[in-house]
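Hi everyone, thanks for coming. Let me put the structure up on the screen, and then I'll walk you through it bit by bit.

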Amino acid sequence: MRRPAVTWLLLCGLVLSAYGPILHGVGLIYEDTHWWSEIWTPVTLAPTWDLAHWSLSLNAWLGGGFHLTNVLIHCLNGWLVFVLVRRLLLREWSARRWRAAMGLGLPAAEDLTEMLHDQAAEGERMALPALIACAAFLLHPIQTEAVAYLSSRWELVSTSLLLLACVAPWPLALIAGVLAMTTKASAMVVVLLLILVRGDSVWGDLLVFPALLVSAMTLYADRFGRLPYLFLSPYGIIEYAARQAVAIWRMLALVVVPWGQTVDHDWINVPGWAVALAIPALLGSIVEVYRRRQTHPLLWLSACWILLALAPRFVIRAPEFVSEHHMYAPMVGVALLVGSWGRS
Amino acid sequence: MKRAGLILLLAVWLVLTRHRVEDWTSNLRLWRSAVRVTPCLPRVHANLSLALRPIDPIASSRELATAKAIAEEHQCVVLR
């Protein structure tokens, strides 16, 4: 797989053909129209540093292309997923190789040279599984809501910035991380996701984490004060968490069997036993995956990504439960899992 | 073999994605598909009623009546 960029372009062609029906003549569908009037006055948006809002304003200024922009951002995110997954697969392979080498005592200089050579060759070989992960991210049906629903521009742009923060050199990673948080409240997990995927990096990278943490605290102290609707759920803390866990199980089921998709899932008629079991089942699954972290490190990494990306849904008690477009960023973890299966 | 299976899986996902995208081409199609999946949710009937109103007022009224009936049965709110 010597030309990943060409394969990615082919995948983009497939994505454009799949999303073709929404690219022409489709107006606002099931939109929260709160932003529709605001995007025509971009000047007032300047202080918010909300890149999704800016991109919608740009569409308004250009006179259209709202859905096409969503699809193009989705394609761009597919490439970032490819870069991230290849890096993580290579990191896992290197860790395994080092563990094996250190088990035989300190490696000699020739062995180290050979290992570095092998690492370069392995980087080439990891391109195919990383492309499979990229394809999974781009083509999975659960992504349709995030891509086709214009109000999900925030999901798309904040995920672009999250992924950029994960793969870029540290000054750019810092900027991307802060912009992800100013674009969407749920991107506050960027600090934890960076520790997850860059935690073993050089110390220069680690300077990003405290800087992002301080930024997150400053931004959210301001944002939560301005958006009281974020805490308007009629449920108490425990029942809210239990129902949110039910929603997460439903979304994970849709990832495995993507049939029965709807814009409005029925969280009212959920049986009591499902609400009672959802959190214990979720915690049990986490413990089980944690126990296997040594033998299945990529499964552990994927599970951590999915859960961390969904964690804000438990913290912020919004009057809505997880819906399909909220799975956009967590799908990076699913793509990583699919990519790890694609290794020879 | 494993990779062939994955490629087949990706092809199935592509077809399903295309199928689902068709639902996002109009409010009417979107809410019709929602009613098929979650028929016991009053809100989807109410939103289908809104989508039907300009083209089929009678069907719109019927959907609204269904939404109200389900809402009364479950004592919940009809509209978002």
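Here's something to start with: in chain B, what share of the contacts with a separation of 6 or more comes from residues 24 or more positions apart? It's 29%, where two residues are in contact if their C-beta atoms, placed from the backbone, lie within 7 Å.

Before we go on, some ground rules. This is a predicted model, and local features need a pLDDT of at least 70, side-chain atom pairs count only at pLDDT 80 or more, while totals for chains, interfaces and linings use all residues. Residues are numbered from 1 along each chain as its sequence is written, and chains are lettered from A and ligands numbered from 1 in the order in which they are written.

Chain B has a mean pLDDT of 88, with 92% of its residues at 70 or more. Within chain B, confidence is highest in H2(B), at 94, and lowest in helix H4 (residues 57-74), at a mean of 88.

Let's stay with chain B. It has 4 helices and 0 strands. When I say helices, I mean DSSP runs of H or I with at least four residues, and strands are E runs of at least two, numbered from the N terminus. So what does the order look like from the N terminus on? It's α-α-α-α. The radius of gyration of chain B is 17 Å, well over the 12 Å that the globule rule gives for 80 residues, so chain B is more spread out than a compact globule. That radius is taken over C-alpha atoms, and the rule is 2.2 Å times the number of residues to the power 0.38. The C-alpha trace of chain B spans about 55 × 30 × 15 Å along its principal axes.

As for burial, 32% of the 80 residues in chain B are buried. A residue is buried if 20 or more other C-beta atoms lie within 10 Å of its own, exposed if 12 or fewer, and partly exposed in between, with C-beta atoms placed from the backbone.

Now chain A. It has 16 helices and 0 strands, and 40% of its 344 residues count as buried. Among its contacts between residues at least 6 apart in sequence, 79% join residues at least 24 apart.

Where they touch, 26 residues come from domain 1 and 22 residues from domain 2 of chain A. On the domain 1 side, H5(A) gives the most, with 7 residues. That side divides into 19 nonpolar, 4 polar and 3 charged residues. Here Ala, Val, Leu, Ile, Met, Phe, Trp, Tyr, Cys and Pro count as nonpolar, Asp, Glu, Lys and Arg as charged, and the others, Gly among them, as polar.

Next, the largest nonpolar core, which has 107 residues, and Val81(A) and Ala133(A) are among those with the most contacts inside it. A nonpolar core is a set of buried Ala, Val, Leu, Ile, Met, Phe, Trp, Tyr and Cys residues joined through C-beta atoms within 7 Å. H3(A) gives the most to this core, with 12 residues. Both domain 1 and domain 2 of chain A give residues to the core, so it lies between them. If you click on Val81(A), you'll find it touching Ala133(A), Leu163(A) and Val332(A), among others, leaving out residues up to four places away in sequence.

And how do the two chains meet? The contact takes 27 residues from chain B and 29 residues from chain A. The largest share of the chain B side, 12 residues, comes from H1(B). By class, that side has 14 nonpolar, 7 polar and 6 charged residues.

Setting aside neighbours within four places in sequence, Cys40(B) is in contact with Asp266(A), Asn269(A) and Ile70(B). Cys40(B) and Thr66(B) are 26 residues apart in sequence, and their C-alpha atoms are 9.5 Å apart in space.

Terms used:
Domains from an automatic or database assignment. pLDDT = per-residue confidence, 0-100.
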